[in-house]
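Please keep the sequence beside the 3D view as you read.

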Amino acid sequence: MATIRNPLVDAWDFLTRTPGLETPTNYRLRGELGRVTRDGATHDRRQHKPTLKGDARIWFYVEGHVVYLEQVHTSHPNQTK
């Protein structure tokens, strides 16, 4: 019996274990989008693509051992076009 992969479960697993790992589907955003400031601290804003087609996006940043989900897009966000 084949195992069916769930992209949301895979994204959760990746983001809780290795959010800073650079891969073709997980990387820092470029330019001004690549930084986010919260409570006076600046962080690298990263993007994770949880689907095979790569159309969905999760924008997040990491502070210490905590991953903060900032935005979740079900299609390619206009800001990065």
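A pocket here is defined on a 1 Å grid over the protein atoms alone, as an open set of points where a 1.4 Å probe fits, with protein on both sides within 12 Å along at least five of seven lines; its lining residues have an atom within 4 Å of a point. This is a predicted model, in which local features need pLDDT of at least 70 and side-chain atom pairs count only at pLDDT 80 or more, while totals for chains, interfaces and linings use all residues. Residues are numbered from 1 along each chain as its sequence is written, and side-chain values use heavy atoms, with hydrogens and water left out.

Start with the largest pocket. Its lining has 16 residues, and those nearest the centre are Ala11, Trp12, Leu15, Ile58 and Leu69. Two or more lining residues come from each of helix H1 (7-17), strand S5 (57-63) and strand S6 (66-73). Helices (H or I, at least four residues) and strands (E, at least two) are DSSP runs, numbered from the N terminus. H1 gives the most to this lining, with 6 residues. The space in the largest pocket is about 270 Å³, where a volume is the space filled by probe spheres set on grid points that are joined across faces, edges and corners. Sorted by class, the lining has 11 nonpolar, 4 polar and 1 charged residues. For this sorting, Ala, Val, Leu, Ile, Met, Phe, Trp, Tyr, Cys and Pro count as nonpolar, Asp, Glu, Lys and Arg as charged, and the others, Gly among them, as polar.

Now look at the second largest pocket, which holds about 190 Å³ of space. Among the residues that line this pocket are Pro7, Asp10, Ala11, His48, Pro50 and Thr51. H1 again gives the most, with 3 residues, and the lining divides into 4 nonpolar, 5 polar and 3 charged residues.

Pro7 and Thr51 are 44 residues apart along the chain, yet their C-alpha atoms are separated by 5.8 Å. Pro7 counts as partly exposed because its relative accessibility is 35%, and that class lies between buried (under 20% relative accessible area) and exposed (over 50%), with a 1.4 Å probe and protein chains only.

Which residues form the largest nonpolar core? They are Ala11, Phe14, Leu15, Ile58 and Phe60. Such a core is a set of buried Ala, Val, Leu, Ile, Met, Phe, Trp, Tyr and Cys residues joined through side-chain atoms within 4.5 Å. H1 gives the most to this core, with 3 residues. Leaving aside neighbours within four places in sequence, Leu15 is in contact with Asn26, His48, Ile58, Phe60, Val67 and Leu69.

Finally, step back to the whole chain. There are 1 helix and 6 strands, in the order α-β-β-β-β-β-β along the sequence. The C-alpha trace spans about 50 × 30 × 20 Å along its principal axes, and buried residues make up 30% of the 81 residues. Mean pLDDT, the predictor's confidence in each residue on a scale from 0 to 100, is 89 for the chain, and 90% of the residues reach 70 or more.

Conventions. Contact means heavy atoms within 4.5 Å.
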